[in-house]
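Me: I would like to learn how to read a structure of this kind step by step, taking one feature at a time. Could you give me the general idea for each feature and then show me the case at hand?

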Amino acid sequence: MSDKKKSSLDAEQQIRILSRRSFIQAGVVVTGGVLGWQWLIAQEDNNGTLWPFRRALAFNEKLASKYYSNGRLAPTFPRAMAGVPRPNGNDGLDAELDADGWNLSVEGVYGHVEPITLTMADIKKLPHTEMVTELKCIEGWSQIVHWGGVKFSDFAAKHLPMTRSGSQPDIQSKPDDLAEYVAMATPGDEYYVGLDMPSALHPQTLLCYEMNGEPLSEDHGAPLRLVIPVKYGIKHIKRIGTIRFTNQRPPDFWAERGYDWYSGH
Ligand SMILES: Nc1nc2c(c(=O)[nH]1)N[C@H]1C(S)=C(S)[C@@H](COP(=O)(O)O)O[C@H]1N2
Ligand SMILES: [Mo]
């Protein structure tokens, strides 16, 4: 056999061996994949989420909470850039607003077993804040808006959240002892959002009653709505009826329909 022929035979043999090996390897991968998938779908928990995915979600949540507690600020803009967003979403706004009958019920306030009741006059006594930030809807549009109202952190400093330990709340030096969450809902509970406490106390989170220098209109959430620029529009609940400080993660209208519970962006 000539050397040339020998070497080409070798090459052919090698290719055969190699391809047999890769066939086996491919088989291992495919079998592994099938077994893996079967294993994966056997891991479903009571909530219907596969736990490897759930772990990924939990990881995202950890990232999200870390991110927001760092006090990252959303961009602000000159007032001249502000406009009126399109009214979007009217869950919980079906009934005509009873402006005189409206009041805010606040539950889980430190030192109060029963909910406390506030009027718009009470809320307007708190320090007034204005900011120009972007409202981003998860559906893909956004609008820069000039908002006016009360920082949620000023509201919480006046109506202190209950603590995990039960001792006196200290927002500045013991924020980790505060209730973990804030729940907000429309009167009648048709629309509701859950917020982690660090996001609620973020310096740009606003209990808002003015838009572009005018009192908030009904379709934009009069008399009081949330503006939380580090999160998508779905968390900007309009026509707030109750605020509740709680250690249980609150239900969230859009999280129940498949969106991320944190919905930061
Ligand atoms: N009560 C209530 N608040 C709501 C909604 C809703 O359906 N009901 N939709 C949300 C969504 S998806 C968006 S994008 C913003 C839009 O705010 P705007 O109507 O002032 O533009 O409101 C949020 N707040
Ligand atoms: Mo939205």
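## Salt bridges, ligand and core

Reply: Let us begin with a charged pair: the side chains of Asp 122 and Lys 125 meet in a salt bridge, with N and O 3.5 Å apart. Please keep in mind throughout that this is a predicted model.

Me: How many salt bridges does the structure hold?

Reply: The general idea is to look for a side-chain nitrogen of Lys or Arg within 4 Å of a carboxyl oxygen of Asp or Glu, and by that reading the structure holds 7 salt bridges. One of them is the pair formed by Arg 257 and Glu 256, whose closest N and O atoms are 3.9 Å apart.

Me: Is Lys 125 buried or exposed?

Reply: Exposed means over 50% relative accessible area and buried means under 20%, with partly exposed in between. Lys 125 counts as exposed because its relative accessibility is 67%, while Asp 122, at 27%, is partly exposed. In the other pair, Arg 257 is partly exposed with a relative accessible area of 44%, and Glu 256 is partly exposed as well, at 47%.

Me: Which parts of the chain does the salt bridge between Arg 239 and Glu 218 tie together?

Reply: The side chains of Arg 239 and Glu 218 meet in a salt bridge of 3.6 Å, taken from N to O. Arg 239 lies in the loop between β9 and β10 (242-246) and Glu 218 in the loop between β8 and β9, so the pair ties together parts that are 21 residues apart in sequence. Arg 239 counts as buried, because its relative accessibility is 5%, whereas Glu 218, at 37%, counts as partly exposed.

Me: Where is Asp 219 placed, and which residues is it in contact with, leaving aside its neighbours within four places in sequence?

Reply: For such a residue one reads its place in the chain and then its surroundings. Asp 219 is in the loop between β8 (214-215) and β9 (225-227), and it counts as partly exposed because its relative accessibility is 39%. With neighbours within four places in sequence left aside, Asp 219 is in contact with Pro 87, Leu 93 and Lys 238. Asp 219 and Lys 238 are 19 residues apart in sequence, and their C-alpha atoms are 8.3 Å apart in space. Asp 219 also has a polar contact of 2.6 Å that joins its side chain to that of Ser 217.

Me: Which residues come nearest to ligand 1?

Reply: A ligand can be read first through its surrounding residues and then through individual atom pairs. Of the 21 residues around ligand 1, those that come nearest are Arg 86, Asn 88, Asp 91, His 220 and Lys 238. An oxygen atom of ligand 1 lies 2.7 Å from a polar backbone atom of Asn 88, and a nitrogen atom of the ligand lies 2.8 Å from a polar backbone atom of Asp 91. The side chain of Arg 225 also takes part, with an N or O atom 2.8 Å from an oxygen atom of ligand 1. On its own ligand 1 has 530 Å² of accessible area, of which the protein covers 98%.

Me: How many residues does the largest nonpolar core have, and which have the most contacts inside it?

Reply: In soluble globular proteins, nonpolar side chains tend to be buried together. Here the largest nonpolar core has 52 residues, and those with the most contacts inside it are Leu 104, Phe 152, Phe 155, Met 184 and Ile 243. Strand β7 (residues 206-211) gives the most to this core, with 5 residues. Not counting residues up to four places away in sequence, Ile 243 touches a set of residues including Leu 104, Phe 152, Phe 155, Met 184 and Leu 207.

How values were computed:
Residues are numbered from 1 along each chain as its sequence is written. Chains are lettered from A and ligands numbered from 1 in the order in which they are written. This is a predicted model: local features need pLDDT of at least 70, side-chain atom pairs count only at pLDDT 80 or more; totals for chains, interfaces and linings use all residues. Side-chain values use heavy atoms; hydrogens and water are left out. A nonpolar core is a set of buried Ala, Val, Leu, Ile, Met, Phe, Trp, Tyr and Cys residues joined through side-chain atoms within 4.5 Å. Buried means under 20% relative accessible area, exposed over 50%, partly exposed in between (1.4 Å probe, protein chains only). Helices (H or I, at least four residues) and strands (E, at least two) are DSSP runs, numbered from the N terminus. Contact means heavy atoms within 4.5 Å. A residue is near a molecule or strand if one of its heavy atoms lies within 4 Å of it. A polar contact is a pair of N or O atoms within 3.5 Å; within protein, one must be able to donate a hydrogen and the other to accept it, and residues adjacent in sequence count only if both atoms are side-chain atoms. Accessible areas come from the Shrake-Rupley method with a 1.4 Å probe; for residues, only the protein chains shown count as cover.
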